[in-house]
Amino acid sequence: MLYILNLLRKNLFTVVFVFLLLVGFYQLFQFNQFHSTFYFNSSKSAINSLARVQSNINGYFNLKSKNAALAAENLRLREQLLSNFIIKDSNKLFVSDSFGKRRYSYVLAGVVKSTTNLRNNFITIDKGSNDGIKIGMGVISPGGIVGIVYDVSKNFSLVMSVLNSKFKTSPFIPALKYKEGFVNWNGLDPKFIQLDGVSRFEKVNKDMVVLTSNYSSVFPEGIVIGKIDNVKSNKSNFFEINIKLGTDFNKLDLVYIVKDKYRAELDTLQKKTIDEIK
Amino acid sequence: MNVSVIRNIFGAIFLLLLQFFIINEVNFGTIFLRPFVYFYLLLFFPFTTNKYVVLLTGFAMGFVLDAVSNTYGLHTISASFLAYLLVQFQSRFLDVDALVREGHFVISIDYKGLYYFLLYHGIFIFIYHFLFFMLDAFKWNMLFYNLLSAILSSLLTLLFVAVIRLLIQKRP
């Protein structure tokens, strides 16, 4: 015992160092192995008020491009308005209120802090559990998908960006009606994301639009992921596809959080089925 | 004594703010350039500093930067490791007592010239960056990219360190 104590005292510096290292590694493994949230993140820290001042200043620098993006989105939405269509068949004029139930609603939020230069990027936004935000909700922008809510505090949320090695979603290529594979970032260029698992017998071409599919329980169907930029075939049965992201993450300022009314129901059903199979 | 403590605390806060608000925000145009300069303080702690102070400063600075920039322990690990490595290296491979007697409290440019200065600090800066990028990617197949970004980012940080040292160096 005395020997051990002596040994400890001789190597106290190293012992302290190992202890401090464990504090860091605990957070790292929480994130990498267990896919749970790391405790010390910006949804909790007080630095957000400082970061907000910074984002307020930065917000002025690209007002022009932001306006253009919002105007483009407005145009797209305006074209979907019912008043644009002449309804020829008088039988179909009825638009009953109970015809369709509303599934998705959206919450507007401002970006407080966003990174693009790490391998696992996060975005802090200024809406939290007070506004009904919950972990796992999808986040989109006028340009396309942005990420998934990862952690929530009262007034802020931490969003796992598309530019994160843990992010995965299922794509839909409307030109081919193709829904297999998944979208995941390789960690190199924040303007491009990779699409894996597309069979090499498909006629994939440049400039095809990639949308979110209805297999995803996070995003509504048909949100833009991006445009196919280049297609490489290798020895395997699948293409290597680069998608140019619809969202410009370097200029991200306003985002919409997707609230899915049926999410809880869907999740319990899926969980029940998986539990039964087990 | 007290003056240097206060100066170091303000220095640490200034470096963290510089890192968080300016250097992390600059878009260098490529993902391979991600310089970290906030551990400048660790590199230039005088040899007479208590080794626990060096270690805990490294840990605290890394921890704060982690909490605000959502890097889940990457800076904590890298900065603690750098501080430990610095202390161990100085106590084992440098004749600290002789250096202090000659009036050298840190490895500065006028100790053995610019070349030695760049090599000594460059190695430590490189180790920090490489460790950070490896932990961030958490995959061995990114080794080449990590090596490249560590080398490029270290060069930028080294330039920053050299410029700061040249600016604050006392004229003879």
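Biologist: Where is the place of B:N70 in chain B?

Modeller: In this predicted model, B:N70 is placed in the loop that joins α3 (51-69) to α4 (74-93) of chain B.

Biologist: What makes the phi of B:N70 worth a remark?

Modeller: Most residues other than glycine have a negative phi. The phi of B:N70, however, is near 55 degrees, which is a positive value in a residue other than glycine.

Biologist: Is B:N70 buried or exposed, and how do you know?

Modeller: The relative accessible area of B:N70 is 3%, and the term buried applies under 20%, so B:N70 is called buried.

Biologist: Which value of phi does B:Y72 have, and where is its place in chain B?

Modeller: B:Y72 has a positive phi of about 35 degrees although it is not a glycine, and its place is in the loop between α3 and α4 of chain B.

Biologist: How many helices and how many strands does chain B have?

Modeller: Chain B has seven helices and zero strands, so that its elements, read from the N terminus on, run α-α-α-α-α-α-α.

Biologist: Why does the radius of gyration of chain B agree with that of a compact globule?

Modeller: For 172 residues, a compact globule would have a radius of gyration near 16 Å, and because chain B has 16 Å, the two agree. The C-alpha trace of chain B spans about 45 × 35 × 30 Å along its principal axes.

Biologist: How many of the contacts in chain B with a separation of 6 or more come from residues 24 or more positions apart?

Modeller: Such residues account for 69% of these contacts.

Biologist: Which residues touch the most other members of the largest nonpolar core?

Modeller: They are A:I257, B:Y38 and B:F39, in a core of 108 residues. Helix α6 (residues 109-137) of chain B gives the largest share of this core, 10 residues. Leaving aside its neighbours within four places in sequence, A:I257 is in contact with residues including A:Y106, A:I125, A:M137 and A:V149.

Biologist: How many positive and negative side chains does chain B have, and how far apart do the centres of the two sets lie?

Modeller: Chain B has 10 positive and 7 negative side chains, and the centres of the two sets lie 2 Å apart.

Note on methods. Residues numbered from 1 in each chain as written. Chains lettered and ligands numbered in written order. Predicted model: local features only at pLDDT ≥ 70, side-chain atom pairs only at ≥ 80, totals over all residues. Heavy atoms only, no water. Helix = DSSP H or I, 4+ residues; strand = E, 2+ residues; numbered from the N terminus. Rg over C-alpha atoms; globule rule 2.2 N^0.38 Å. Contact = heavy atoms within 4.5 Å. Lys, Arg positive; Asp, Glu negative; His and termini not counted. Charge placed at Lys NZ, Arg CZ, Asp CG, Glu CD. Core = buried A, V, L, I, M, F, W, Y, C linked by side-chain atoms within 4.5 Å. Buried < 20%, exposed > 50% of the residue type's maximum accessible area, 1.4 Å probe, protein only.
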